[in-house]
Amino acid sequence: MIKTGEQHIASLRDGREIYLDGERVADVTVHPAFRGAVASIGRMFDFQSAPENRELMTFETETATTANRIWQLPASYDELVVRRQGLEAWTELHAGFMGRAPDHVASCISGMFMGLDIFEAYDPARATALADYFRHARDNDLYLTYVIINPQADRSKSAAQQADPYLTAAVVDRDAAGITVRGAKMLATGGIMANEVFVTCIQPLQPGDEKYALSFAVPMNIKGLKILSRKSYEAAAPSVFDNPLASRFDENDAVLYFDDVKVPWDRVFIADNIEMCQKQFHATPAHVYQNYQAQIRLAVKLRFLLGIAHRTAEINGIIGFPQVREMLGQLSAEASMVDAFVVAMETKGQLRGRYFVPDRQMLYAAQTLTQQLYAKVINTLRELAGGGMIMLPSSVKDFGNPEIAGLIGKTQQSPAASAVDRVKFYKLAWDAVGSEFASRHSQYEMFYAGATFVTKGHAFRTYDWKAAAALLDRMLSSYDLSDELASHTNPPSRAVA
């Protein structure tokens, strides 16, 4: 099944319990805090369902049904590349600003399914639940989000040691029908417009935390699930002209509170097993596959930001300055590095059973470097723009006043654009670089993959240190101290003339 945008938007009118500014939101599809982002997701589903995009965006499953490529399990390098091309095209619709669009968690669940043998070794019943859920989500074209982090609270203590034992989502009861879950998880990015949520813990748990060692999936409108939205940047951005990104791509983040939610066993993938919570990500291709998607998204986003950088130089008439070309050259090299990492992940990929999986060493190298890169790119854009992104008309309404519009025409001059085009561009640039929406993205790109010590730890564990040591040892073994001393003690004789 392939959904249209209209079908997906209609599916969100399901009675889900969302709270914003102290009130329950009746309908996210029309609420001014969410409707722009919901419409953007709708356009993504329309894009995949358009006849001209079917070959790019869909594939035929083993049951001869049609599914979005986000659920594809590549059996070869070529299939992996074709899938990436579909993901790139989808990402271009939001220029990489929707970090938890449908392709992210779909990649996670797909990666878990590729490692079904790990679940079968743990518990055949839970493996069956996962396999059935993968096919259900794929065949019904579901948009999934996830919550895999515990509330911060006192980070010096484990989940079980917190003052409230049910601050973090945990099992409070179980019976033949399923488990009952109470407590909170974060951050449900995109949750207000997703169909279902995958709930687990990617953070290491400690002995005694067994009741928090969960993995399951439920609909966003399940009884007892409360969605506590953060401040909406879209709500403060009613004009697309003034805030073209925040008004349409604020995917939102939320804390989910499970108020004794009953989860049936056919939706439970792990229960009470700390070791398996880590294995589901790292012993299967899940962590690699989901973050490979994230690097594809980031590559598109950097391409967009470089477009802003180059246009800034053109509009300011400085494109010919040597120092500006140097800055743009540095940016182009950095963006190309991310493109190269994506290609390297594919080229160095390997078969895991039947499935061709991106290379994890290249992935973790990319994550480590790009966490540092994003802030650097944003700062370069600020340097290029100077005050251009700040000294702009207060709002689109200024153009409705003929006198003010005339002054805008005089004061917003550019050798490469009309006053209107210049203002339009710099409004977009500010929304990408300096607005509250942009600030959230700077924070997001720093931490969506985990704290920097976590990604560096992954890079350390997956690097081929043996090959590096072997190369070093070969060089060390190519010379010897005793030989060196002998050559100096007994120098070669010289022929007498």
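**Entry 1: ground rules**

I take helices (H or I, at least four residues) and strands (E, at least two) as DSSP runs, numbered from the N terminus. The model is predicted: local features need pLDDT of at least 70, side-chain atom pairs count only at pLDDT 80 or more, and totals for chains, interfaces and linings use all residues. Residues are numbered from 1 along each chain as its sequence is written, and side-chain values use heavy atoms, with hydrogens and water left out.

I began with the loops. Asn-252 sits in the loop between α8 (246-249) and β11. Its phi is near 65 degrees, a positive value in a residue other than glycine. Is Asn-252 buried or exposed? Asn-252 counts as buried because its relative accessibility is 1%.

Ala-153 lies in the loop between β5 and β6. With a relative accessible area of 51%, Ala-153 is exposed.

I also found a cis peptide bond, between Met-186 and Leu-187, with omega about -10 degrees. Leu-187 belongs to the loop between β7 and β8.

Next I traced the strands. Two strands pair if DSSP finds at least two bridges between them. Four strands make an open sheet in the order β5-β8-β9-β12, and the pairing is mixed. Its edge strands are β5 (144-147) and β12 (268-271), each pairing on one side only. On average, neighbouring strands of this sheet are turned by 25 degrees against each other, direction ignored. Axes here are lines fitted to C-alpha atoms, for helices over the stretch in contact, and angles run from 0 to 180 degrees between N-to-C directions.

β5 and β8 (residues 196-200) run parallel and are joined by four bridges. I looked up Thr-145: its bridge partner in β8 is Val-197. Helix α9 (residues 274-282) packs on the sheet, where it touches β8, β9 (214-219) and β12. Contact means heavy atoms within 4.5 Å. The direction of α9 makes about 125 degrees with that of β8.

**Entry 2: a hairpin**

β6 (residues 170-174) and β7 (residues 178-185) run antiparallel, with four bridges between them. A hairpin of three residues joins β6 to β7. Val-171 stands opposite Val-181 in β7.

**Entry 3: helix α5**

I checked the length of α5 (residues 102-114). α5 is mostly covered, with 13 of its 13 residues buried.

**Entry 4: salt bridges**

I counted a side-chain nitrogen of Lys or Arg within 4 Å of a carboxyl oxygen of Asp or Glu as a salt bridge. How many does the structure hold? There are 30 salt bridges.

Glu-346 pairs with Arg-84, the closest N and O atoms being 2.7 Å apart. The two link distant parts of the chain: Glu-346 is in α11 (residues 322-347), Arg-84 is in α4 (residues 77-91), and they are 262 residues apart. Glu-346 counts as buried at 0% relative accessibility. Arg-84 counts as buried at 14%.

Arg-303 bridges to Glu-92 at 3.9 Å between the closest N and O atoms. Arg-303 is in α10 (residues 286-315) and Glu-92 in the loop between α4 and α5, so the pair ties together parts 211 residues apart in sequence.

Lys-262 bridges to Asp-175, with the closest N and O atoms 3.0 Å apart. Lys-262 lies in β11 (residues 254-264) and Asp-175 in the loop between β6 and β7, so parts 87 residues apart in sequence are tied together. Salt bridges that share partners join Arg-84, Glu-88, Glu-92, Arg-303, Asp-339 and Glu-346 into one network.

**Entry 5: aromatic rings**

Rings of Phe, Tyr and Trp (its six-membered ring) pair if their centres lie within 6.5 Å; planes under 30 degrees apart are stacked, over 60 edge-to-face, and the rest tilted. I find 15 aromatic pairs in the structure. Tyr-289 and Tyr-292 have ring centres 6.4 Å apart and planes at 20 degrees, so they are stacked. Both lie in α10, three residues apart, about one turn of the helix. Phe-425 and Tyr-426 have centres 5.1 Å apart and planes at 55 degrees, so that pair is tilted. Both Phe-425 and Tyr-426 are buried. Last, Trp-71, Phe-113 and Phe-134 form one aromatic cluster.

Notes: Buried means under 20% relative accessible area, exposed over 50%, partly exposed in between (1.4 Å probe, protein chains only).
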